[in-house]
Amino acid sequence: MTTTLITGGTVVNTTGRVEADVLIDGETIVGVLPPGSELLGSDLKRTVDQIVDATGKYVLPGGVDAHTHMEMPFGGTFASDTFETGTRAAAYGGTTTIIDFITQYPDQRVLDQYNLWHEKAAGNCAIDYGFHQILSDIQPESLTAMDELVDEGVTSFKLFMAYKGVFLSDDGQIFRAFQKGAENGALMMMHAENGSVIDVLVEQALGRGETGPINHGLTRPWQLEEEATHRAIMLADVADCPLYFVHVTAKQAAMQIAEARGRGANVFGETCPQYLYFSLEDQLGAHSAERGEFEGAKWVASPPLRSKHEGHQDFLWKALRTNEIQMVSTDHCPFCMKEQKELGADDFSKIPNGFGTVEHRLDLLYQGVVDGKITLERFVEITSTTPARMFGLYGKKGVIQPGADGDIVVYDPNGHTTISADTAHMDIDYSAWEGFEIDGKVDTVVSRGKIVVQNDQYLGRKGDGQYLKRGTSQYLT
Ligand code: DUC
Ligand code: ZN
Ligand code: ZN
């Protein structure tokens, strides 16, 4: 077993920061020690096999990205990152755990999909991984499967109020799943947009010949996110089940969550870097010589980007600071422009929805620290500790303390990162984040005691990552 000492750095947990050395024995943290490795030779009588010099750097718990879609079948194609490429890119960016969504379409059996996701991921991942389950068009068999999946460590289920005929469940179906969640302790997750109304707006826009990418956002206004968010909260109230909103984009939806939390409901929300940094106006302004206005397809995701003038982005940063929104995941669902986003060249509703961000989440949120939007401790909380606790991994993940997995990011606040598709490692032919400058840099990444990234080199191998059989949410016990 390899013993690793991370020395000279500032260890950051949600509770504060301290100058300390971190000792990892094999895969597990065994000590957070006063600085100075002289203790090792005498008191602890240990031989250290490898030393990571973190002088002048932050020592952070490895990132936990609780929302990814590796090789997801969607929009007539597949998300371009496989478990192999996507988890390696995540490791480069300081994420040492992902929770990916098992996808189920109406004609598929939930448990078959669960087995399929294990087949896709096993032996291919660079970092540890768990699963949530997507349930579409919920039928009685799916409700039974929920019990079995909770026993397998899939303790959270995503439902959709949008994408009719693909993922959407109606209110009655949603309510039955909520009742099941209330019974078996699972955390229910919601994609909150009013799909029926969106479908009308899309049909009308196409009928008027408005086919460009910007119409994706224009046909999914914030009112339809707020309405769905409110409706889901009310349904969860009646079912007496906890509820977690994925990818919150609209100020008004965040306010619904805040209001529910204010009266003591177990309602939670995540947002994503794209909704903090980009606006509908950015997308509208995007043109290229090669593609003209279709360049905007790079920023097509659902829910869509929101207007800068309405203040959504500022509100989401504020909500992160005040814990009205609890965490940040990526909704990593990359599609290349060539042959993928291009499927919607003549019809915005056919553009595969999604961003590729799994590699950049930590950097993009760290820039929020530099810009004074969140503290360093809050950065750790929203990128690692809360996602771990929300999804039953805390103690093993999300914290630097004895007994936790040796998942560490050494982050250099004096380093610099320029984001570009040319240097990123995700399997996508562009970067929505091209040219972003970050005043910080991932220096070294350790995953269960193994150095997997150092000096911009990947030192791990596929299959290093293990399946995480998760417990139920630690916010609910
Ligand atoms: N939204 C996306 O943008 N992509 C994948 C699924 C989703 O809900
Ligand atoms: Zn979604
Ligand atoms: Zn998603």
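## Helices α13 and α14

Helix α13 (residues 361–370) packs against helix α14 (residues 376–390) at an angle of about 150°, and their axes are 9 Å apart. Axes here are lines fitted to C-alpha atoms, for helices over the stretch in contact, with angles running from 0 to 180 degrees between N-to-C directions; helices (H or I, at least four residues) are DSSP runs numbered from the N terminus. The two helices, α13 and α14, are therefore roughly antiparallel (an angle over 145 degrees). Their crossing is right-handed, a term used if the near helix is turned clockwise from the far one by less than a right angle.

On the α13 side, R361, L362, L365, Y366 and V369 meet L376, F379, I382 and T383 of α14, contact meaning heavy atoms within 4.5 Å. This contact comprises seven nonpolar, one polar and one charged residues. Ala, Val, Leu, Ile, Met, Phe, Trp, Tyr, Cys and Pro count as nonpolar, Asp, Glu, Lys and Arg as charged, and the others, Gly among them, as polar.

## Basis of the model

The model is predicted: local features need pLDDT of at least 70 and side-chain atom pairs count only at pLDDT 80 or more, whereas totals for chains, interfaces and linings use all residues. Residues are numbered from 1 along each chain as its sequence is written, chains are lettered from A and ligands numbered from 1 in the order in which they are written, and side-chain values use heavy atoms, with hydrogens and water left out.

## Helices α4 and α5

Helix α4 (residues 140–151) and helix α5 (residues 171–184) cross at roughly 30°, their axes coming within 10 Å. That makes α4 roughly parallel to α5 (an angle under 35 degrees). The crossing of α4 with α5 is right-handed.

Residues L143, M146, D147 and V150 of α4 meet R176, A177, K180, G181 and N184 of α5. By class, this contact holds four nonpolar, two polar and three charged residues.

## Zinc site

The zinc ion (ligand 3) has H67 (NE2), H69 (NE2) and D331 (OD) as protein donors, at 2.0 to 2.2 Å; donors are N, O and S atoms within 2.8 Å of the metal (3.2 Å for Na, K and Ca), and sites may look incomplete because water is not among the atoms. The sequence spacing of these donor residues is H-x1-H-x261-D. A distance of 4.0 Å separates the zinc ion (ligand 3) from the zinc ion (ligand 2).

H67 is buried, at 0% relative accessible area, and H69 is also buried, at 3%. Buried means under 20% relative accessible area (1.4 Å probe, protein chains only).

## Residue R306

R306 lies in the loop between α11 (280–285) and α12 (312–322) and is buried, with a relative accessible area of 5%. Beyond its neighbours within four places in sequence, R306 has contacts that include R220, W222, E225, E281 and H312.

Technical notes
Buried < 20%, exposed > 50% of the residue type's maximum accessible area, 1.4 Å probe, protein only. Parallel < 35°, antiparallel > 145°, perpendicular 65-115°, else oblique.
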